[in-house]
Amino acid sequence: MAILGASIISCDKLDEVVYSSLTDANAFTTGENAQAAVNSIYAPLRSLYREPMFYINDIAADTGFKDGNCFEVMNDEGNYVDNRTETAWTLLTQIAARANIVIDKVPQMSDGLFRNGITKEQLLGEAYFMRAFAYMNLTDVFYRVPLITDSNIDPTAKEPLASVKDIEKQIENDLFNAKDYLPKSYASRDDAGRPTYGAACGYLARLYMRQAGRARLQGDADAADYWNYALEEVNNVLALEGVQYSLQPSVWDVFDPTSEDKIYNNELIFAIRASGSIVSGSWDLGLQFTSWDYDMGWGNMYQPLEMTWKFDHADQRYSVLQVVSYENVYNPDKTFYKAAESIDKYGTVPSEHTYNGKTYTEVIEMSETFTQKYKFLNTWKYIYECPNNLPLLRLSDMILCKAEILNELHGPTQEAIDLINRIRKRAFQNDSHALNLSDYSNADELRNAICDERMYELNLECVRRPDLIRMGLWKDRMSKYVTSIAKKYAWKEVNEGRESGYYNGAWQAYPKPESLSDKDLRMYMPIPEREVLMNGTYKDARDYADNE
Amino acid sequence: MKRLCTFILALLFTISLSAQQMAKGIVYDDSGIPVGGVLVSVDGDNSTYTLTDSNGFFEISANKGTVLNFSCLGLLPKQIKIDGFGSSLSIIMDTDTQMLEETVVVGYGVTKKRDLAGSVSQIKAEDVKAGVITSTADLLRGRAAGVSVRQESFEPGSGITVRVRGASTISADNTPLYVIDGIQSTAGNQVSPEDIESIEILKDAAATAIYGSRGANGVIIITTKHGSAGKIAIDYSYNTSIKSLRNPWDLMNASDVIRYEMLNWKNNGAAGDPPYTEAEQAYTGAGTDWIKEMTRNSTTRTHALNLQGGSDKIQAAASIVNTKDEGLVLNSDFGRTSARINVDFKPSDWLRAGINAYAAKTDRTYISMGTKSSTDNAMYWMFLASPLNTIEGKNVFGEETRMENVYYELMYKDLNVRVNNSYITAYAQADFLKYFSLRAQYSYNFEMDKYSTYYDCNTNHGAANKGIATMEIENSDFQQMEGVLTFHRDTGKHNVKVIAGTSFLGNNYYYTGMGAHEFTTDAFRVWNMGAAAKIDWYSTARSDKYNLSFFARAEYVLNDKYIFNASIRADGASNFGANNKWGYFPAASVAYQIGDEPFMEFTKPAFDNIKLRLSYGQTGNDGIGSYKSLRSYAFQDIYLGGNSIIKGMYPANAGNAFLHWETTTQGDFGIDFSMFNHKLEVNFDLYSKVTTDLLNDINISSSTTGITTTKGNNGVISNKGVELYLNYHIFDTKDFSWTSTFNISHNKNNVESISSPTYYSLRPHGSYADTQYAVVQEGSPLSTIYGYEWIGIIQEGETYAAQPKSQPGDPKFKDIDGDGIITNADRKAIGKGDPDVVFGWGNNFRWKDFDLTVFIDASIGNNLLNVSKVLLEDNNRLNSCFDRWTRNNPSQDVIRGTWKRDGGLQYGSFVNSHFVEDASYIRLSNIELGYTVPVEKLNMSQYVKGIRVFIGGNRLLTLTKYSGFDPEVSVNGSSAVTQGLDYNAYPAYKQFNAGIKVTF
């Protein structure tokens, strides 16, 4: 019987034949296949920017708010186990690892495999850009991370942390390659989500500005070199203004999801794209930033009142892009929500019931405000998908960067002021709120103003925390933020006639201003627990001495 | 059914008549059935004897004081002294269990129970009264020591988790191997309970190692009913039951809600308008009980028709069974129709051959619940539905209002699973050269699983998509080919049996699926997906898996006393790394009938036999699917702009060329004995199982490949335990008998080593943070519930140093690591999902024509994390919320705020010991009263041979401290690592049964 069995079945049946996926043996055998591998590098972006990067870069700074959230309170222990920190780590490393495969495999493929407009250069350019993008963000979020560029690494390897300098060297090289290989634009909107030459220059500028900012704070003489490199790259981008890019007539035009033309507006240099009609191409970004009662949003991330109170009410970035009062979508005639107009009015809102000529039975004071940058269009429908773009790099950011670089290199100049005023002119739709050079006597003063302007312009666009660190204003702005929160509750106690200290619990969760420092661990996120459990050395990632 | 003592029929007989008086009577066996052909003789008088007739009746001449001998093969001899001649004698002859040579089915053969050296539990279907059940696994519940059977949900047709001696693996499959009439099958649960003759559960390595790579989780051998020569019978049975809701939740009704919200409004300073007008506040009705409204008293029924019979040359059994099981919750149902035919031919003395064929169709309509997202969770909406709203779409004050979600979520979804399963097996067995036999067997099994969903426009999910449909079809072609050569020679002193064989398994799996949305009508459901405006996805896949094995076993019994067994199996499996495809699984065992030794003679008055067993061996587990050793790329949809979806290719599996077998090494020590003339039978086992090279998802840094886990061999799990089984014929007389069966087992599971802990998270709803609640870590058992230790609520004026930001009314947690602050490190094991002890206690009583079965089972020492309670408490649905903390009500039970993400909670989470409950229970699992109609007395025997009717109930009484629907639920199905979670589980019920069985 054993003979019978052996004769019918030979042992080679035990070799696995794979039918429905590719293995190293048969992947990367066509140009189309290589292009598919490039396409997947972008796949993690949606989840990465659905919540995690907002938490890390806005909620953990002074431009985002979520009551009771560990990021909001900068509770370092909470971040260590928070699934958003973990998701950010996983997805950013995933982008880098997917790029590594393309960078290793594509050069080995013979040129004859690439047809139909697919080129090796284009594929490699995208992969180099995305690897740089991943490491730029990883170091922005976690400071030090392991640097892995080999796709054939043992999956179970425990790689050491690399120095920020080494990682930046790699980012710079990758972006140089990307700059060489990437086109200035794409003919088809189908490729709108891919990086371009302009995006590569923009990210190089961001890299150099970060290096320059760090060098300035450390008193290094080479800071000026970095600012000059940055200037060159920003100029490369701005050289395309009028050709490739233009500042939109109003801020709403940058974000308006209702028209196809606005969705593809040319202020965007690099953005995550979403479809309003194809389910697998759309996302629920629009639901993250508003409350259920406003438009059936999920209320995961808001704006702090402290930021809203800083806006001039004539600024469209306030009047158009912020929700400071609304009717309950379920009870439009009954319930009204309203934010206090200034800090000293906090706690007074429910005392009046008539607004806009209408009397409500219930008036509730908002403890936060909403952004309309990612406006949700499907209220009353359980359709979560909406064609909201998420700008990762846009022209107004670059213009403000140039102002910042010029200020760092030469102190306040009319050229820098003019750049800022371009942005302000658009925001106010007139020149009446322009800055005057005479108001700024030194670089520090203008840096402060640029910092504020970037907050008005780029809040909830995932740039705030790196901005504060680069400008050396993290401690300053976070102290002001937490001080203002305490003051807000003091006003609430007064306005509601409660005993002093009644709301202590609401603000004492925040760090005390004096506990913040210029080398605060909380400037960066800890590498998540899941990784530290596998590699204990990752606990030391925020060792700032590394770059001194 | 009358019994005939055939052995005696061969004798010639005469009846001696003399001047003495006539003694007369009826001989019964121990189950009360008259026995024909029993030799009745006068002690000391070789010439006076008679045989009982077919009704067990005898008449013999005797003197007063004469002793009569009764003898019959298979029954223990009996002597009766004649004291008088007035009345008819009633003689009960006990079954000679030793003579009957009870046999047990083991892997690739049958062994005398007496000669068994391994640990095997045997269940005869006819001995088990389990009430009205639809699943084979339900037959096992509580019946065999060391076998835990847990209902995953009370939904009809839902899974049942069967574990033999604890969970021994993390991510590979923990389900025991089912072998149905010699065929390895995944469909053990699809066999209709009515078709089953017996079930053997192989527990220790000595018994399971012959199944090598697939034996590590124990082996359940199911033998279906076969025909026998000379006996032709047709049975028809009909069982039915009614299930009625058992709801222990103390939910607020409408007037409670009004009262609560008014109280809340006042406590908050009575600002603004009160939530209810004075007229509304006067409402005192209960409003709508949505759990009641959305459930029903549902029925279950089974028709079963069995035919069996045969001659010397051909025997056959056939059955057809139809089951319909309505769920307690609306729109959940299960149905199965199965047909089976087993035919055995015996053309000559040396040749046997046969064919088994089986076909079954099951249909299941289910609801979505458990940890599903709240958009698509019927139980979530049922729990949260307001009692103030009525089923007519109004509120209790008569105003039109939005209909409660639960109604749409239950009534407007079609969620279906259909399984078609059929197999055919052919075998031939030839005996040759006196001691040899050769058996060859081939079987082909086809299974099609069809999963379809349709959410129509009334549901949340359907409205968002204008109707959304999916259809997925899985086809499996499974082939098994086996050849076994057996040598068996019994000289009386030496009893030797050797088997050797080979086995080939091939499994080809095919998948087709698609999804579409945006229909212009709900009329098509899933049946016209081409009518959808948007095709979302379509997918096809194929995978193959092959196993090739060689095995051998030797059994040797010396002097009917010393028993030695050894076996080895070599298994090759396609799904392991290139150089690790083969595994070798040896086992050895010895048993010793020590009770038969002369030096143990002193035990004889009480003990009939005493056997010691010792076994040791290894088994494997390959249940990880295919292709895990290879780095592989999968495809996905990508959108980068415009109007087109493009394809992306990404590394989906990191690959591991070293992937190899998981090995379980098990030692077992057992004692079996029987006492009081076989009235009491006892089996006792001690075992220790260690699983090494654990197959699981090893955590890897995503920085290397972008993937967070890879399948690998890592870690060690141990299971140690004790099992005791008792079977006691307490009373046994003609009119009354009582048999009691009791089994109890204790298993201790522990993760001995693992490279890094793995946590499992839960997000009960979008408003809660994603929170870890279970862990696999060194030193804890699998399914450890992991969280904070609740120590109460911070009261007014109290400061709790470890939680400086907390306010009065916030929960207070223990500073476990003593660092003065509550952090993530202050979590510990706060419960475990698997029980310490399970027992089952069955009692069968018979009084005249009545029989009564009482079956009690229990599970002790396991916990449930009651997340349903978190949700109900946070949403003020429980009456206990009246105790919510306020400045005026210093509650120690309900916190001031909520456990939701924006609830302001600064420390800890809802995963804490306050919501971990003791889920131990003792349950009256089944009670059944039957009546066997005395067809002969009623002169009906020419029409029917037997009629039995019964009434009874399942789960009529449950003693538990658990506050949720039922302590038995497992919302994570059969997962080995996350048992112990109750969240949006299906409601529990009591079941009232009735049935009839007629034998023609």
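## A run of antiparallel strands in chain B

Let's start with a pair of neighbours in chain B: strand E21 (residues 314-326) and strand E22 (residues 333-348) run antiparallel to one another and share 13 bridges. Strands here are DSSP E runs of at least two residues and helices are H or I runs of at least four, both numbered from the N terminus; two strands count as paired once DSSP finds at least two bridges between them. This is a predicted model, so local features need pLDDT of at least 70 and side-chain atom pairs count only at pLDDT 80 or more, while totals for chains, interfaces and linings use all residues. Residues are numbered from 1 along each chain as its sequence is written, chains are lettered from A and ligands numbered from 1 in the order in which they are written, and side-chain values use heavy atoms, with hydrogens and water left out.

Back to the strands. Gln315(B) has Asp344(B) as its bridge partner in E22(B).

## Strand E30 and its two faces

Further along chain B sits strand E30 (residues 582-592), with one face covered and the other uncovered. On the covered side you'll find Gly583(B), Phe585(B), Ala587(B), Ser589(B) and Ala591(B). The uncovered side shows Trp582(B), Tyr584(B), Pro586(B), Ala588(B), Val590(B) and Tyr592(B).

E30(B) has antiparallel partners in E29(B) and E31(B). Strand E29 (residues 562-573) of chain B pairs with E30(B) over 11 bridges, and strand E31 (residues 607-621) of chain B pairs with E30(B) over 6 bridges. Ser589(B) takes part in both pairings: Asn565(B) has Ser589(B) as its bridge partner in E30(B), and Ser589(B) in turn has Ser615(B) as its partner in E31(B).

## A buried helix

Helix H12 (residues 867-874) of chain B is largely enclosed by the rest of the structure, because 8 of its 8 residues are buried. Buried means under 20% relative accessible area, with over 50% called exposed and the range in between partly exposed (1.4 Å probe, protein chains only).

## Asp810 in its loop

Asp810(B) lies in the loop between strand E43 (790-793) and strand E44 (811-813) of chain B. Its relative accessibility is 5%, so Asp810(B) counts as buried. Leaving aside residues up to four places away in sequence, Asp810(B) touches Gly792(B), Ile793(B), Ile794(B), Ile895(B) and Arg896(B), where a contact means heavy atoms within 4.5 Å. Thr898(B) is 88 residues away along the chain, yet its C-alpha atom is 9.3 Å from that of Asp810(B).

## Chain B as a whole

Zooming out, chain B has 12 helices and 53 strands. Its radius of gyration is 32 Å, close to the 30 Å that the globule rule gives for 1000 residues, so chain B is as compact as a globular protein of that length. That radius is taken over C-alpha atoms, and the rule is 2.2 Å times the number of residues to the power 0.38. The C-alpha box along the principal axes is roughly 110 × 70 × 65 Å.

Buried residues account for 56% of the 1000 in chain B. Of the contacts between residues at least 6 apart in sequence, 69% join residues at least 24 apart.

## Chain A as a whole

Chain A has 22 helices and 10 strands. Its radius of gyration is 25 Å, close to the globule-rule 24 Å for 548 residues, so chain A is as compact as a globular protein of that length. Its C-alpha trace spans about 95 × 65 × 50 Å along the principal axes.

In chain A, 61% of the 548 residues are buried. For chain A contacts between residues at least 6 apart in sequence, the share joining residues at least 24 apart is 72%.
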